[in-house]
Amino acid sequence: MGGVLGYGCVEPEADEPVFHSGWEGRVFGLVIAVKDGLSRPRLESLDPGEYLSGYYERWMLALERGLMARGALSAEELDATTDYFRSNPAAGPTRRVDPELTERVRRDMYRQRDVRKTPSLVTGRAVGHTHASA
């Protein structure tokens with residue numbers, strides 16, 4: 001869990017795919033499409049069981065809560081949609097063609113990050129460990 005000792009280092013998989021399942025890519029796209037759809041405080045407000053459910057699972061939960069907090073989604077709508085897809089597993093998500101939104105999502109996905117900043121996490125170092133300065 002973020003910032004909690006005892007969970008060890010993150011071990012990247014060799015040749016790990018960007019998304020393990022198609023739904024993960026859709027969640028990623030939704031988070032980008034919904035400006036401010038995901039925030040650290042919203043992620044950190046998840047209870048530990050939800051937080052440990054998986055990377056994109058917690059993104060999805062935080063996004064759902066953010067949409068509900070904005071009034072863009074109700075718990076009833078979410079429950080009805082979840083029930084529908086549980087009852088109809090072959091059903092796919094509806095597709096909306098919106099070239100402007102598609103371009104914004106693409107642009108935001110590939111925008112340059114400021115690489116001049118000192119990284120806050122270092123490969124091979126467990127969260128919460130400090131390194132001594134010379």
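**Close-up views of a predicted helical model**

View 1. Glu-76 belongs to helix H5, which spans residues 75-87 (helices, H or I, are DSSP runs of at least four residues and strands, E, of at least two, numbered from the N terminus). This is a predicted model, in which local features need pLDDT of at least 70 and side-chain atom pairs count only at pLDDT 80 or more, while totals for chains, interfaces and linings use all residues. Residues are numbered from 1 along each chain as its sequence is written, and side-chain values use heavy atoms, with hydrogens and water left out. Together with Glu-77, Asp-79 and Asp-83, Glu-76 gathers in a patch of negative charge on the surface (patch residues have over 30% relative accessible area and no salt bridge, like charges being joined within 9 Å). Glu-76 is exposed, with a relative accessible area of 59% (buried means under 20%, exposed over 50% and partly exposed in between, with a 1.4 Å probe and protein chains only).

View 2. Phe-28 and Trp-59 form a stacked pair, at 5.8 Å centre to centre and with 20° between the planes. Because Phe-28 lies in helix H1 (residues 22-33) and Trp-59 in helix H4 (residues 55-70), this pair ties together parts that are 31 residues apart in sequence. Both Phe-28 and Trp-59 are buried. Tyr-84 and Phe-85 form an edge-to-face pair instead, with 5.1 Å centre to centre and 80° between the planes; Tyr-84 counts as partly exposed at 43% relative accessibility, and Phe-85 as partly exposed at 34%. One aromatic cluster is formed by Phe-19, Phe-28, Tyr-55, Tyr-56 and Trp-59.

**View 3. The two salt bridges of the structure.** The structure holds two salt bridges (a side-chain nitrogen of Lys or Arg within 4 Å of a carboxyl oxygen of Asp or Glu). Arg-40 forms a salt bridge with Glu-44, with the closest N and O atoms 3.4 Å apart, and both residues lie in helix H2 (residues 40-44), four residues apart, about one turn of the helix. In the other, the side chains of Glu-50 and Arg-65 meet at 2.5 Å, N to O. This pair links distant parts of the chain, with Glu-50 in helix H3 (residues 48-51) and Arg-65 in helix H4, 15 residues apart. Arg-65 is partly exposed, with a relative accessible area of 34%.

Note on methods: Patch = residues over 30% accessible without salt bridge, like charges linked within 9 Å, V, L, I, M, F, W, Y side chains within 5 Å. Areas by Shrake-Rupley, 256 points an atom, 1.4 Å probe, with all protein chains shown as cover. Lys, Arg positive; Asp, Glu negative; His and termini not counted. Charge placed at Lys NZ, Arg CZ, Asp CG, Glu CD. Phe/Tyr/Trp six-rings, centres within 6.5 Å; stacked < 30°, edge-to-face > 60°.
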